[in-house]
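Please read the following alongside the sequence and the coordinates.

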Amino acid sequence: MKPALLKSAGRPRPRKRKPDTTPVEIRPMRLEDLPEVYELGRKLFTAEKLPTLYRCWDEDEVMNLFSAEPETCLVAVAGDRVVGFALGSVMQKRGSAWRYGWLEWLGVHPSWSRRGVASRLVRQMTSLFIERDARIMLVDTDEANRPALAFFRKLGFGQELRHVYLSQNLDSHPEAIERRERLKDEETD
Ligand SMILES: CC(C)(COP(=O)(O)OP(=O)(O)OC[C@H]1O[C@@H](n2cnc3c(N)ncnc32)[C@H](O)[C@@H]1OP(=O)(O)O)[C@@H](O)C(=O)NCCC(=O)NCCS
């Protein structure tokens, strides 16, 4: 008997889930996809994974992006399940001849990862941006998000620029202290 088989004898073997082989289709997002897209994003974009506050995944964010530019919102569906999404927008800076396609949110369900789903979403988004005269495509993520960085680099994104966020605690600002005291006084009156 092979040593590997001897080792596992008597012990229940961990059951390996077969990967879902349902074909994945990339299509424009529809209004009825919104709850599923939001739920998937909620699992992927947790507070630890989104340390910068300027990026906030909530229902309004998805709704606003979809209402403003539904033509640059895509979903990946397997059967009737949303397994990935890409939400983008096209913008033009005032006084600039350049139009930018910004891929704002990209996500793939972990059980579908490394199967080329995000690559297909990005390729289709790229075509949508080109059709809308975008000349530069932008993506951004936290510098600690190694999988996303590896993914974007693999797809040819480069010219990485770092952006620094600065903050100040306003709780100790004299106006904030004065306001808290005023509110307390109003409550006790
Ligand atoms: C990043 C993410 C979108 C990748 O989705 P995906 O469908 O697994 O990506 P693909 O299968 O198309 O990967 C293409 C290539 O990218 C690279 N890549 C993807 N995920 C990677 C990982 N976890 N680690 C290292 N490289 C990775 C690989 O080179 C991969 O090719 P390979 O599998 O042949 O080696 C997905 O992991 C995700 O949803 N992450 C959480 C949300 C997020 O961070 N979004 C991006 C910022 S908004």
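**The ligand and its surroundings**

In this predicted model, a backbone N or O atom of Arg114 lies 2.7 Å from an oxygen atom of the ligand. The backbone of Val108 also takes part: one of its N or O atoms is 2.8 Å from a ligand oxygen. Lys154 contributes through its side chain, where an N or O atom is 3.2 Å from an oxygen atom of the ligand. On its own the ligand would expose 920 Å², and the protein buries 77% of that area.

The largest share, five residues, comes from H5. The ligand has 19 residues around it, and those that come nearest are Leu106, Arg114, Gly116, Ser119 and Asn145. By type, the shell divides into 10 nonpolar, six polar and three charged residues.

Strand E4 also holds Glu104. Is this residue buried or exposed? Its relative accessible area is 13%, which is under the 20% limit, so Glu104 counts as buried. Leaving aside residues up to four places away in sequence, Glu104 touches Arg55, Glu61, Leu65, Leu87, Gly88 and Ser89. With Ser89 there is a polar contact of 2.6 Å between the two side chains. Leu87 is 17 residues from Glu104 along the chain, yet their C-alpha atoms are separated by 5.7 Å.

Which residues of H4 are buried? They are Val117, Ala118, Ser119, Leu121, Val122, Met125, Leu128 and Phe129. An α-helix has 3.6 residues a turn, so residues three or four places apart point the same way. Ser119 is on the buried list of H4 and is also one of the residues that come nearest to the ligand.

The cover over the buried residues of H4 includes strand E1 (24–28), strand E2 (73–78), strand E3 (81–92), E4, strand E5 (136–139) and H5. Just after H4, Asp133 takes a positive phi of about 65 degrees.

Methods
Residues are numbered from 1 along each chain as its sequence is written. This is a predicted model: local features need pLDDT of at least 70, side-chain atom pairs count only at pLDDT 80 or more; totals for chains, interfaces and linings use all residues. Side-chain values use heavy atoms; hydrogens and water are left out. A residue is near a molecule or strand if one of its heavy atoms lies within 4 Å of it. A polar contact is a pair of N or O atoms within 3.5 Å; within protein, one must be able to donate a hydrogen and the other to accept it, and residues adjacent in sequence count only if both atoms are side-chain atoms. Accessible areas come from the Shrake-Rupley method with a 1.4 Å probe; for residues, only the protein chains shown count as cover. Helices (H or I, at least four residues) and strands (E, at least two) are DSSP runs, numbered from the N terminus. Ala, Val, Leu, Ile, Met, Phe, Trp, Tyr, Cys and Pro count as nonpolar, Asp, Glu, Lys and Arg as charged, and the others, Gly among them, as polar. Buried means under 20% relative accessible area, exposed over 50%, partly exposed in between (1.4 Å probe, protein chains only). Contact means heavy atoms within 4.5 Å.
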